[in-house]
Each structure stands twice: as C-alpha cells, then as structure tokens.
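Here is a friendly walk through one protein model, written for someone who likes cut-offs stated plainly. Have the coordinates open as you read.

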Amino acid sequence: MHNLEHTLGADLNQRRLNHLYRRRLSHRGPQTPELNINGQALLAFCSNDYLGLANHPQLISNAQKACADYGVGAGASHLVVGHTDLHHQLEEVLAEVTQRPRALLFSSGYMANIGVMNSLLDRQDAVYQDRLNHASLLDGGLLSSAKFQRYRHNDMLDLARQLTSTEARRHLVATDAVFSMDGDSALLKPLSQLCNEQQAWLMIDDAHGFGVLGPNGGGSALAQDLTTAECPIYMATLGKALGSYGAFVAGSDALVESLIQFSRNYIYTTALPPAIAAASLAAVQLLKDEAWRQQHLNHLISLFKQQAKSLGLPLMPSDTAIQPLMVGSSQGALQLSELLKEQGLLVTAIRPPTVPKGTARLRITLSAAHTESHLHQLLQALAQLQQQGLLASVEG
Ligand SMILES: *Cc1c(COP(=O)(O)O)cnc(C)c1O
C-alpha cells in the first residue's frame, strides 16, 4: 500500500521540476481584456471570448430576465423535465445559423465530444483523429472503445492510408476545425472528399470557429462551404465566441434523434440553466446585429500578423484569433509569460501535455474587445523581449 500524500507529493514535485506545474489566477469581475488580479491591472490576451460578448448588456439582461421567470437550476435532465422552451428555441436558432437541419444542446463541449462518440461507436468501429485535436475529442475516441488511430496534422495522405487499411464496421474521422493551440484550420474540403470516398463520417469540432467564421458567424463548415452531407457531424461550443456556456451538435434529424436516444452524456446529466440558454439566444442574435465585432476582430488579426511579421516574431501559420508565438521549452515559455506579466500583460504559456513536447508557446488570443492601442502595447513588449534575445527572431 502506498501512502496517498507521499505518492501524490512525488508526482507533484516531478511536475514542478519539469516546469509543467499549473497555477490558477483568480480575478474579480467580468471577462474583459482589462483584468485586475490581486490588485495588479493586467491587459489580457488569453481568453476565448473572441467577440467580447461575455460581458455584453444584452446577454446579461436576457439571463437576468430568464432567472426571474425560470429560476436558476433546470432541475432535471432534458429527457425528464429539464427541457424548457428557451432550450428548444436555442436549438432552433443554432440549426438555422449553422444551416443544418437540427441542433442538440449539450452541457459542455467536453461532454458533447464524448457523448457523440460513445453513442455512435463501439468496439467494432474505428475513429481517426488529427494528432493536434483537442483533449476532449481525443478522450471521446479513447472512451468510445472503438479502435483509436491518430493521423499526422492535416495530412490527407496519412489519413487515407489509415482509412484504406482497416476492416472496422463504421469509420469516424474527427478534427478540430480551428486547432485550439495552433490557430490554423483543418482542410475541410479535402477531408470531406476523402471521407466520402472511404465512407467515413466526418465530425468537426468548431469550438474556435463558431461565431467568428462564416456568414453571420455560422462557423467553419459554412466558411469552407460544406453541406450537411459533406460534414454530417458539426459540433461547436457556446462558451467561447458566444460569450455564454454550453455546446451543441448539429446535423440531420437521424443524428440528433440518435444522440437523444443513445448519448449517455446527453441523457444522464442536468440540462443547462435556462438563463444560460437565454444568454446564448441573445448572443446568436448579436452575431447578425453587431457584425462589426467580427469585422473588428479580423482587422486586429491582420494588423497583429502584419506587425509581428515585420518584427520577425515567431508567428505560427494562423489566420484566426489564436496567434501563438512558438518558444520551444516549457521553462522559456513560462519565463516569457512572467516577464510580460511584470509589464502588465497577461499571456498564457501553453506547455505539454496540452501541446507536443518541445513546442511550448505563448498562446496569444485576440478579441473584438481589444483596441488597436491594446495591440500596440503587446507588440511593443514582445519587441523588447526579442531585443533582449528572449524570443526567437525569424526572417520577415
Ligand atoms: C474548449 C474546447 C472544447 C470544450 O468545450 P467546453 O464547452 O469548454 O467544455 C472542446 N473542443 C475544443 C476544440 C475546445 O477548444
């Protein structure tokens, strides 16, 4: 018998020694670029609130009104008595904005990914995943009991080779549409063609594309022109660009009904609070009514890329709001994050196992809530670190 304190203590120590120890910051007040953490004013470039909706007055008032009318907790799962007209309306508008026949709400993106795979796959089946997929997709695959395979990042040849050499019953290919720690996009057209040829089902996780890409923020499938037939399983979250909480899966009637019948993560959990559904309804409406948010975000993305490039900063191939700078070592990434913090800037160091070994990075995220002046503050600080030789310099 190992003593719990002793065993865990040794693991924790090892994590510290590897520069992989995680710490939480706690702040007071809403999610905005200007945060106050332990009395220090910090300008943050790390939230996923890409449109600045998390603190939007319309989301707040919708949630407040729904709380007054519906109370706080949903009180039960969707299949018992937790499903309200607000949840139902939200599913309808999500189907509409993603141009899919139907949508089904899940309590979180993590649950949705696990729920889809555990209901559609079993041990006779196979799941194929991009190596850089989000942990929730990977866990969904691992927990599904299907044969689990990973293909090289965005490598269609590697995937094709794997798809043609198995004898599984069903094949499901799952990918982040926008890779969460890299910011680049999946090649959805070639992927859908390959899936079609090999009779595999394509599932995309659009946590970082929904709300910001495509017409009215309808997401990556629309941005890359994929119909429901070409991308039968579309999943996205409501906690990032939508500024709210929760997730959904959109697709055909048969898909949605199957999830309602068979997805354990849908069936055996409490429905989202109705007020959160009400806030999400406001957010979906704002995607259309305040389209300047997407435009301003795109403007900031191109401005950042252009200036970072002319400084020779180690940008990664991303056109999205996720603009990481490659560092390499975990220790280096942590140190840079600390130095930025001393200058009043909050940028998270992302380290293994979130990213592959030797690819620790600063994950900079931009938001429509940022101003050009915010961006200049960041770029100035980065340029300074680079001049001190702490950040790599690449040819512009
Ligand atoms: C954040 C994220 C999730 C999880 O969504 P939650 O609603 O936060 O649980 C799933 N997939 C990707 C790619 C994500 O970035």
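## Basis of the values

This is a predicted model, in which local features need pLDDT of at least 70 and side-chain atom pairs count only at pLDDT 80 or more, while totals for chains, interfaces and linings use all residues. Residues are numbered from 1 along each chain as its sequence is written, and side-chain values use heavy atoms, with hydrogens and water left out.

## The ligand site

Let's begin with the ligand. It is surrounded by 13 residues, and the closest are Gly-109, Tyr-110, Asp-205, His-208 and Lys-240 (a residue is near a molecule if one of its heavy atoms lies within 4 Å of it). By class, this shell holds two nonpolar, eight polar and three charged residues. Here Ala, Val, Leu, Ile, Met, Phe, Trp, Tyr, Cys and Pro count as nonpolar, Asp, Glu, Lys and Arg as charged, and the others, Gly among them, as polar. Helix α5 gives the most to the shell, with three residues; helices (H or I, at least four residues) and strands (E, at least two) are DSSP runs, numbered from the N terminus.

Which polar atoms of the protein lie by the oxygen and nitrogen atoms of the ligand? A polar side-chain atom of Lys-240 is 2.6 Å from a ligand oxygen, and a polar backbone atom of Gly-109 is 2.7 Å from an oxygen of the ligand. In the side chain of His-134, an N or O atom lies 3.4 Å from a ligand nitrogen. The protein covers 84% of the 380 Å² of accessible area that the ligand has on its own (Shrake-Rupley method, 1.4 Å probe).

Lys-240 itself sits in the loop between β8 (233-237) and β9 (247-251). Lys-240 counts as buried because its relative accessibility is 18%; buried means under 20% relative accessible area, exposed over 50%, and partly exposed in between (1.4 Å probe, protein chains only). Between Lys-240 and Asp-253 there are 13 residues of sequence separation and 26 Å in space, C-alpha to C-alpha.

## Salt bridges

The whole structure has twelve salt bridges, each defined as a side-chain nitrogen of Lys or Arg within 4 Å of a carboxyl oxygen of Asp or Glu. One of them joins Arg-361 to Asp-182, with the closest N and O atoms 3.1 Å apart. Arg-361 belongs to strand β13 (residues 360-363) and Asp-182 to the loop between β6 and α8 (188-197), so this pair ties together parts that are 179 residues apart in sequence. Both Arg-361 and Asp-182 are buried.

How does accessibility look in other pairs? Glu-96 and Lys-288 meet in a salt bridge at 3.9 Å, N to O. This pair links distant parts of the chain, with Glu-96 in helix α4 (residues 85-98) and Lys-288 in helix α12 (residues 274-289), 192 residues apart. Glu-96 is exposed at 54%, whereas Lys-288 is partly exposed at 39%. Arg-169 and Asp-122 also form a salt bridge, at 3.6 Å, N to O. Their relative accessibilities are 41% for Arg-169 and 29% for Asp-122, and each counts as partly exposed. Finally, Arg-102, Asp-253 and Glu-257 are linked in a network of salt bridges.

## Surface and helix residues

Leu-12 lies in helix α1 (residues 4-17) and is partly exposed, with a relative accessible area of 38%. Over in helix α2 (residues 57-70) you will find Ile-60, partly exposed at 34% relative accessibility. The C-alpha atoms of Ile-60 and Ile-276 are separated by 9.6 Å, although the two residues are 216 apart along the chain.

## Backbone geometry

Most residues other than glycine have a negative phi, and most peptide bonds are trans. With that in mind, have a look at the bond joining Pro-352 and Pro-353, which is cis with omega about 5 degrees. Pro-353 lies in the loop between β12 (348-350) and β13.

Ser-145 has a positive phi of about 70 degrees although it is not a glycine. Ser-145 is in the loop between α6 (135-143) and β5 (147-151) and is partly exposed at 33% relative accessible area. Asp-225 has a positive phi too, near 65 degrees. Asp-225 is placed in the loop between α9 (220-223) and β8, and at 56% relative accessibility Asp-225 counts as exposed.

Definitions and conventions
Polar contact = N/O pair within 3.5 Å; in protein donor to acceptor, adjacent residues only side chain to side chain.
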